[in-house]
Amino acid sequence: MRFKTRLRVTFITIILLPLILTAVAFCGIGLYLTNAQAGRPMAELSYENMQELVEATDKTFTVLKEQEQEDASRLADKEYLSWVNHEIARRSTDIIVRRDGELYYAGNAEAARSILPGLPGYGDASLSEGSGIYYGEHNRFVKQMDFLFPDGAEGSIFVVTRANSLISKRLLVDMLVAIFFILIFTSFMLTRWIHKGVFYPVTELNSAMREIKEGNFEYALKTDIKGEIGDLYRNYEDMRLRLKESTEENRENEKQSRELISNISHDLKTPITAIKGYMEGIMDGVADTPEKMDKYVKTIYSKANDMERLINELTYYSGIDNNRIPYNFHRINVADYFGDCVEEVGMDMEQRGIELNYSYLAAPDTVVIADPEQMKKVINNIISNSVKYMDKPHGVIDIRVLDEVDSVRIEIEDNGKGIAQKDMGRIFERFYRTDASRNSAQGGSGIGLSIVKKIIEDHGGYIWATGKEGEGTCIHFVLRKYIELQTE
């Protein structure tokens with residue numbers, strides 16, 4: 001749940017929940033007090049309740065008593081009686097007037113019919129002036145005042161107060177207590193809800209961040225929560241995975257850096273040792289004939305070239321890996337470009353006694369976007385690798401260009417010694433060489449195919465190898481076609 005929605009729910013809950021609970025409490029307490037009051041004898045009423053009941057009755061009784069002393073005939077006026085009854089009705093008090101034993105006026109006719117038969121007669125001593133009687137079965141407190149109608153008929157006015165009006169003060173006290181507990185309950189529920197929905201996730205997220213700080217990238221946070229908290233959890237997970245990936249990548253880079261230093265040391269150590277040996281031979285006079293001197297000098301020159309080639313390849317790969325070598329992409333006709341490359345490579349293969357076959361199986365007008373110089377380096381590196389590991393008396397290299405609908409696939413296959421299946425997936429790694437002895441007599445630096453892979457990927461393509469040990473290797477790489485949009 002989003003914070004904005006959570007705030008709305010909290011605001012509505014603060015208003016509605018206390019109102020609803022207060023209404024329920026009011027109805028429940030009122031009903032309880034009313035039922036508890038019903039049928040109770042006067043002796044069971046508390047002093048406070050009885051005092052309130054008498055005061056509510058006395059106020060009306062006093063008004064009528066004063067009117068009787070001033071003008072008793074007005075007590076026979078039903079309009080006057082209605083006015084008095086209306087004024088006092090809100091105090092749960094009604095007037096009943098009896099004339100010669102018959103009902104003359106009633107503020108509440110239904111209640112009057114039920115209580116009238118049990119009321120004292122005219123001049124009954126049970127209700128003396130100022131006293132009253134409580135009718136428990138009717139929950140009524142009654143005061144009686146006798147008077148004479150203008151025609152001399154005997155009349156009695158009864159001021160009747162419902163006893164359930166006594167619950168007003170008790171209800172007020174109970175409701176104040178109930179509201180107090182309702183507010184505490186509401187605060188507790190909202191606090192628990194906010195703590196569970198906000199503070200607990202934030203605390204858990206804080207713990208997770210401390211784990212990240214300590215370098216523990218395995219501390220995962222999974223949640224199905226929606227809103228900002230869920231977004232925080234998911235962002236944390238993205239950050240954790242990225243940091244974990246970055247850390248693992250840094251570790252791998254450090255490992256590769258150590259391997260780089262080791263490989264460079266090994267690859268440079270062999271030619272340097274050879275150069276030193278031959279130079280010592282020259283200085284010691286071992287090369288005492290022109291033929292030996294010429295052999296020593298040529299060997300030194302060859303080893304120096306090996307060192308230069310290794311350094312150049314390292315410099316070139318470092319430039320590509322750090323994106324410091326700019327690409328000059330052009331639209332290249334595949335048929336013309338690979339035809340020229342094969343013609344150029346063919347002369348060298350002829351001198352080496354290697355058969356070069358070329359087949360073009362794509363449309364003549366197929367075009368790709370590529371850097372001609374970098375693609376030439378790709379082809380030369382792959383063919384150079386094939387030549388280095390050619391172990392057959394009659395070497396064969398096949399170059400094929402195939403149509404792949406929206407791309408072209410180039411295959412360069414040889415019949416050399418091949419690659420073991422365990423090494424097939426790693427030949428494009430930096431400094432990886434399949435010869436366990438790391439024999440550099442063939443001049444392999446171990447980064448040629450990694451350069452090829454990097455260039456092909458920078459062209460938006462991909463590369464892989466197939467083959468079988470002892471039979472040969474085939475390098476495949478794919479380049480996307482350039483398709484010019486046609487406008488109507």
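## Aromatic pairs

The structure holds 7 aromatic pairs. In one of them, the ring centres of Phe147 and Phe149 lie 5.0 Å apart and the planes meet at 40°, so this pair is tilted. Phe147 and Phe149 are both buried. The model is a predicted one.

Tyr327 and Phe329 make another pair. Their ring centres are 5.4 Å apart and their planes stand at 25°, so the pair is stacked. The cut-off for stacking is under 30 degrees. Tyr327 has 21% relative accessibility, so Tyr327 counts as partly exposed. Phe329 is also partly exposed, because its relative accessibility is 36%.

## A cluster and two charges over rings

Phe147 and Phe149 also belong to an aromatic cluster, together with Tyr104. The charged end of Arg99 sits over the Phe149 ring, 4.7 Å from the ring centre.

What lies over the face of Phe61? Lys143 does, at 5.5 Å from the centre of the ring.

## The protein as a whole

The protein has 488 residues, and 38% of them count as buried. Its secondary structure comes to 11 helices and 12 strands.

Among contacts between residues at least 6 apart in sequence, 65% join residues at least 24 apart. The protein exposes about 28900 Å². Carbon and sulfur atoms supply 55% of that area.

## A nonpolar surface patch

Which residues form a nonpolar patch on the surface? They are Ile12, Leu16, Leu19, Ile20 and Val24. Together these residues have about 470 Å² of accessible area. Ile20 is placed in helix α1, which covers residues 3-37.

## Asp94 in strand β1

Asp94 lies in strand β1, which takes in residues 93-99. Is Asp94 buried or exposed? Its relative accessible area is 10%, so Asp94 is buried. The cut-off for buried is under 20%.

Several residues contact Asp94 from beyond four places in sequence. Asn85, Gly107 and Asn108 are among them. Phe158, Val159, Val160 and Arg162 are also in contact with Asp94.

Note on methods: Residues numbered from 1 in each chain as written. Predicted model: local features only at pLDDT ≥ 70, side-chain atom pairs only at ≥ 80, totals over all residues. Heavy atoms only, no water. Phe/Tyr/Trp six-rings, centres within 6.5 Å; stacked < 30°, edge-to-face > 60°. Buried < 20%, exposed > 50% of the residue type's maximum accessible area, 1.4 Å probe, protein only. Lys NZ or Arg CZ within 6 Å of the ring centre and 35° of its normal. Helix = DSSP H or I, 4+ residues; strand = E, 2+ residues; numbered from the N terminus. Contact = heavy atoms within 4.5 Å. Areas by Shrake-Rupley, 256 points an atom, 1.4 Å probe, with all protein chains shown as cover. Patch = residues over 30% accessible without salt bridge, like charges linked within 9 Å, V, L, I, M, F, W, Y side chains within 5 Å. Salt bridge = Lys/Arg side-chain N within 4 Å of Asp/Glu carboxyl O.
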